[in-house]
Amino acid sequence: MLLGEQEQFLSYNGEVLIFQLSKPKHVEGAADKTMNLCVRRMAFNRDTKLFVQKSSGVFSMRASHLKIEIICCSCTTDSRTGIILPCILMKKKKRNNVVKYLLLLLHSSNQFEQSFHFKLDYELKEDIRLFTGPSVLWRHANKLFYISCNTCTVLSAPVQLSSVVWTGEIEDEGTVVLGVRTACLPESEDEDEFSTSDRAIWGSEFFGYAIETQKMLTGTCFMPHAYSRVVSSVYICKNEMLKKQLRISLVAITHKNQLIWFQDGLPKDVCELPYEKPCSVKGTVTSSNDLLFIVSFASGNICVVQRRESLQVASKWQKVKSVLVDDFIGSGSEQLLLLFKDDSNTDVLSTFKITDLGEVNYASDINYKHDVPAAQALQENGLLTVQALETRLQAGCTSVRELQQHLGLKKRVILESCKALVDLVEERTHILPTAKEVKCRREGLVSLWDDVENPPHSLSKETSLASKVPEHFIKKLWQRVVGDSLVVGVKLTESFYLSLSDVSLSLVMHQDFSSISPIIECRNKIIKLNKAFSALAVSSCQIEPPPKKMKLDLHSKNDLKKEFPKRCSRVQPDGAKTVIAVTGLSPLLAFHRVCCIVLLHAKKQKRWNDSLQESKKITVLCGKIFLSLEDISNGKYSVKMLRDNSYCTGSVEDILAVLAASVRFSFQIVSSDCTLTPVNSWLLGEMECTPFKECHDHIFCHKAGNVYGTVLNWTLKNPFEGVLTLFCRNLTVLFQCLHSLTRVLPPSCDVKLLRSGSKGVLTEQLALALEKEMLTLRTSFFSKESKAENSLTWGNEPGKKISDAPAASLLDSVEGVQQFRKKLQNEREESVRSMNQTMNGALYQQIALKIAEAQLSSDMIVWRLS
């Protein structure tokens, strides 16, 4: 290297450091020759858009009979202070082939400090790295050597290696060298078979060596050994220790002109590079949080690879002397500084470009005279921006605090409500905090009854009503586990359920959880079993017509769905009604052992001569259920469906659990050309179905695969028409069953999906719903009209009409005509006032809610009939 060409560039704290070797001017009488190492600190001026020199420094060395060179420079951590300082490695070559190396540190005062020096009988040429200490590491004769300021002695690592691809810091390991060496196959059988075969095939492997601890790291946590022959340089983006396992994200460049992204030792993405012979790669994060990788090539070209959804080349440049990464413009994020080769100009920073591939874009060949604002205007704009950002930050903090208070209040309301429900279940009196207590605590909840001594509909009445229900009304409480669902059933006695409507179940966790709600979300089904074993499900699985879903957003849709089983409660005396609740099993098993209280909610009706006289809401404590992981593992509550000759054995509870946890679909099958005998053959043959011993109409599918456990019912109205009902776990099972069925049906068959419910029952329900809707409309408006009439103040006497006076006698004279006209005007004004009566908002909301409920019920039945 010629003396005039010895220049090294380094970025440090947003500045560009230029190191140059130069001969001082000859002084007469001077006996010794010296060599100067000069440094210039260059900073980017945002006003002139040019680099200007801030300061400079000089370090003099004796150069008698010596050849001095700059080997490399980098920014490393000084172990004495922990401060990152520029570090320069110098070489002095003597005539007797002894090479002396000096490591210099540059301080902020531009003073050079000699950290240490060492001598070798050979020159450093391969894989020279500077790292924390400062320390120097290099490779020679396939061995790894290093020296630091603490030891001042050259040490040799006990490893053989062919190349060094990365040196840097790793969490909990210190300085680590990632290298490639000849594969050392293990003799023990405990090693990973894939790793062993990989090394045996390629003959080389990656390895990591920790300098401070002298510890070997597994190379497969970086990259597979198959890449050891092609990777030339590595940049580690992130490394961390999770659960005593090293997790690493990195990019590597290969001799095949590729950039590969590795995550935890596995390749995730690859990008083809635009030039040949890539040398090194480094990364940066821009102001827009884009991750950029800068790849340098031996030809002096540079390309930038951007990683968003995938790796892709974002930009490329040619004839680049050096590329640096730092915050050169002082924006708070890093940019790229490209220094281009320019033979026509001796100034090293004459041709440059600063960019982050986004908003920042400065180049030396652009004239910025018309774009330079005054320094005072820039400062004023910066102050205004800071003030605006501070105001927005304060407003954001206030909004966050208000939101936190609101969420805290919501949580306290929910927990207080849950405590009240638990007290109601366990027949304890729940005491709500009074307004005085809230004022003392400045937070909390108060009763919605405004502390009235005897509220008309108090909670105590509900509690007393719930406690008066005898326990013998509950015939049986059972539970089953079907897949990932917990099914809880309550069988009611005949004398009890005949007087009930709007029946549903609730599950309340018995444990005291202060941070979560004890109410378990579940869906309800009412299944009626009689001799014919007809299953009628009224549940949230019933699909609602889409146009009506948003009609009552603020109220529970379950209340509307409970209107339909009112007529279904009138079952035959030989029947039995079971109310079932289905909920997810996995959330409950997270507590390992769970005890749940089962509540039954209903309206108890009193009838007199077949007319409804009174309806009261009641809550019945049905009992408790216990659930644990041991019971689930032992199959204590599992459904048992076995073949016994030509029947499927299973208890009534098992059958009900399967039906409740499934989704019901009914299809009408009509064949115009031939009979539907192939359906029976399909059920008994291909589907391997057997009828339940308790009920021959319903059959259980024993076919292996997803369709196992499907319950089917095939009813023939005549040889050419029938209804097939399927109780499936999910839609996938339904499609598989239908696909199998269509292969055996004649091509002329018509298959139509039926709405739930028979036409006769739905017609009767529609008549009742329309009647209720009409009564609701009439009652609502008549009550409003009567209130409006009573609120008016008429000018005449009560009960006396204006038209009572004889009109003929009034019209005989002028005074009579005036009197008649005055009375007619008063009557007209009173009429207008009666038409312009306003309505209270709460009353209007109550009337609108009642009308919407009635209309939604009738609309849903019409949709099901269509």
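This is a predicted model: local features need pLDDT of at least 70, side-chain atom pairs count only at pLDDT 80 or more; totals for chains, interfaces and linings use all residues.
Close-up 1. C72 is itself buried, its relative accessible area being 17%. In keeping with this view, a count over the structure gives 0 disulfides.

**Close-up 2. C701 and the cysteine sulfur nearest to it, that of C689.** The distance from C701 to this sulfur is 4.6 Å, and C701 takes part in no disulfide, a pairing that would require the two sulfur atoms to be within 2.5 Å. With a relative accessible area of 0%, C701 is buried.

**Close-up 3. The aromatic pair formed by F44 and F352.** In the pair shown here, the ring centres of F44 and F352 are 6.2 Å apart and the ring planes meet at 80 degrees, so the arrangement is edge-to-face. Because F44 belongs to strand β3 (residues 34–45) whereas F352 belongs to strand β27 (residues 352–355), the contact ties together parts of the sequence that are 308 residues apart. F44 and F352 are both buried.

**Close-up 4. A cluster of aromatic residues linked by ring pairs.** The members joined in this way are Y101, F116, F118, W138 and F145.

**Close-up 5. Two arginines placed over aromatic rings, R181 over F207 and R307 over W261.** R181 is positioned over the face of F207, at a distance of 4.9 Å from the ring centre. In the other case, it is the charged end of R307 that sits over the ring of W261, 3.8 Å from the centre of that ring.

Terms used
Residues are numbered from 1 along each chain as its sequence is written. Side-chain values use heavy atoms; hydrogens and water are left out. Rings of Phe, Tyr and Trp (its six-membered ring) pair if their centres lie within 6.5 Å; planes under 30 degrees apart count as stacked, over 60 as edge-to-face and the rest as tilted. Helices (H or I, at least four residues) and strands (E, at least two) are DSSP runs, numbered from the N terminus. Buried means under 20% relative accessible area, exposed over 50%, partly exposed in between (1.4 Å probe, protein chains only). A charge sits over a ring if NZ of Lys or CZ of Arg is within 6 Å of the ring centre and within 35 degrees of the ring normal.
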